[in-house]
Amino acid sequence: MIRRQRLAAGVCALLAALAAGMAFPAAATAGEPTGEATAKVDLVLDVSGSMRTRDIDGGTRMAAAKQAFNEVLDATPQEVQLGIRTLGANYPGNDRKTGCKDTAQLYPVSTLDRTEAKTAVATLSPTGWTPIGPALLKAAGDLEAGEGSKRIVLITDGEDTCAPLDPCEVAREIAAKGIGMTIDTLGLVPDTKLNKQLSCIAEATGGTYTSVEHTDELTDKVNQLVDRAANPVVTPVATEGAAQCTDAPTLKSGLYTDREEFGQQRWYRVEVMAGQELRASVSVAADRAVGPDYGALLRAVTVHGREIVRGEAAGNGRTDVISTGLRYPRPERDDDSDKPAPETVCLQVTNSFSAASGVKTTPGLPLELTVDVVDGPSHAGDVASFGLGRGWWLLGVLVLAGFLAGLIWGWLSRWRVAVWRTN
């Protein structure tokens, strides 16, 4: 009896192992080389005296930054080399010349030792000036060597106090070097002058500016930027949409940037062959103060004006970017023509942002358009089957395994009852 029970248990375990092995394929070995250049990020943190202000979630700006940094350090991908540079952290005096040199590398750009980096962040205390320009120059030097994506993330609560070294000019100088370095800026205070300066710094290098007023917002945004550095570098191509489809530029698969004024429509054209699928998405960013309710619309339209498909999204002021997308699979042709004609699909991008009082409406809002034309489904195995896609066979295996295990368990139960009655 014991041998039979063990045999049955072994069969059940084998079936479960087979099912689990099919359900969860073996992952790639950790630490395998990917063949990609190393991504580098330098977090530049303002530690000037104004960071003592208590206006973020009931605590000081410095406390919010420390908490965000600790969470970011825990979440930093292994393949990203990360460093931390400070500005205004060491000189408490009133000498402007000395205060404008106050920038230091708190943690070098290298493979991350989370404990060491957190210990260094814990020692910070709001101290001095706000030399943003000098800090950006030094940060560029921290990252300049080597290949791969390079990203500076500047977090500050105030404007630069060390003119005439204009940080916007510094950013343009960094961009002019052609080393592929991006500067993203985060402002901890909703101040118009600060917003203008940080927007200028970010735009000079193709980065982003975000105003954050809560600790969780700061954490999420920095994490997003660090993760973005780990992704392959894709340089957007500048394009200019037209007011109508007939005059629109024809785009191939790729990433594009443009500017769109408040409430404006921009048109683009894409050629789609029979059997191909068009996938498009658009993101419109509010790089200045806007009304609290807004939306973005992306439409695929024929050259005769008939709408094929649309994607739309709405916002309520909680984010500075709104995105939407669409997919259009063009059916295969029934004829065997050697030279099938492409279909021209018109993409229309519209936004419903409204400018706040006193805000300039030009230049237009930055938008990012992704176009991808791929081969469409060619047979039934490529499309969803009962909503499970290619995984329908896995469900069948699991059902069969469960059925067999149930039969074996039922047989064992009946056999044990029969033995018990005999005894």
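**Salt bridges and surface**

Modeller: Asp142 counts as partly exposed, because its relative accessibility is 25%. Please keep in mind that this is a predicted model.

Colleague: Which side chain does Asp142 meet in a salt bridge?

Modeller: Asp142 meets Arg85, with an N to O distance of 2.8 Å. The pair links distant parts of the chain, 57 residues apart. Arg85 belongs to strand β4 (residues 80–87), and Asp142 to helix α5 (residues 132–143).

Colleague: Is Arg85 buried or exposed?

Modeller: Arg85 is buried, because its relative accessibility is 5% and the limit for buried is under 20%.

Colleague: How many salt bridges does a search of the whole structure find?

Modeller: The search finds 14 salt bridges. Some of the residues concerned form a network: Arg299, Glu307, Arg310 and Glu312 are linked in this way.

Colleague: Which salt bridges does Glu307 make?

Modeller: Glu307 meets the side chain of Arg299 at 2.7 Å, N to O. Glu307 also meets Arg310, at 2.9 Å, N to O.

Colleague: Let us change topic. Which strand pairs with β13, and in what sense?

Modeller: Strand β13 (residues 276–285) pairs with β16 in the antiparallel sense, over nine bridges. At one of these positions, Ala285 has Val321 of β16 as its bridge partner.

Colleague: On which face of β16 does Val321 lie, the covered or the uncovered one?

Modeller: Val321 lies on the uncovered face of β16 (residues 321–329), together with Ser323, Gly325, Arg327 and Pro329. The covered face has Ile322, Thr324, Leu326 and Tyr328.

Colleague: One last topic, the surface. Which residues form a nonpolar patch there?

Modeller: The patch is formed by Leu400, Phe403, Leu404 and Leu407. Together they have about 390 Å² of accessible area.

Colleague: Where does Leu407 lie, and why does Leu407 count as partly exposed?

Modeller: Leu407 lies in helix α9 (residues 392–422). Leu407 counts as partly exposed because its relative accessible area is 48%, and exposed would require over 50%.

Key
Residues are numbered from 1 along each chain as its sequence is written. This is a predicted model: local features need pLDDT of at least 70, side-chain atom pairs count only at pLDDT 80 or more; totals for chains, interfaces and linings use all residues. Side-chain values use heavy atoms; hydrogens and water are left out. Patches are made of residues with over 30% relative accessible area and no salt bridge: like charges are joined within 9 Å, nonpolar side chains (Val, Leu, Ile, Met, Phe, Trp, Tyr) within 5 Å. Accessible areas come from the Shrake-Rupley method with a 1.4 Å probe; for residues, only the protein chains shown count as cover. A salt bridge is a side-chain nitrogen of Lys or Arg within 4 Å of a carboxyl oxygen of Asp or Glu. Helices (H or I, at least four residues) and strands (E, at least two) are DSSP runs, numbered from the N terminus. Buried means under 20% relative accessible area, exposed over 50%, partly exposed in between (1.4 Å probe, protein chains only). Two strands pair if DSSP finds at least two bridges between them.
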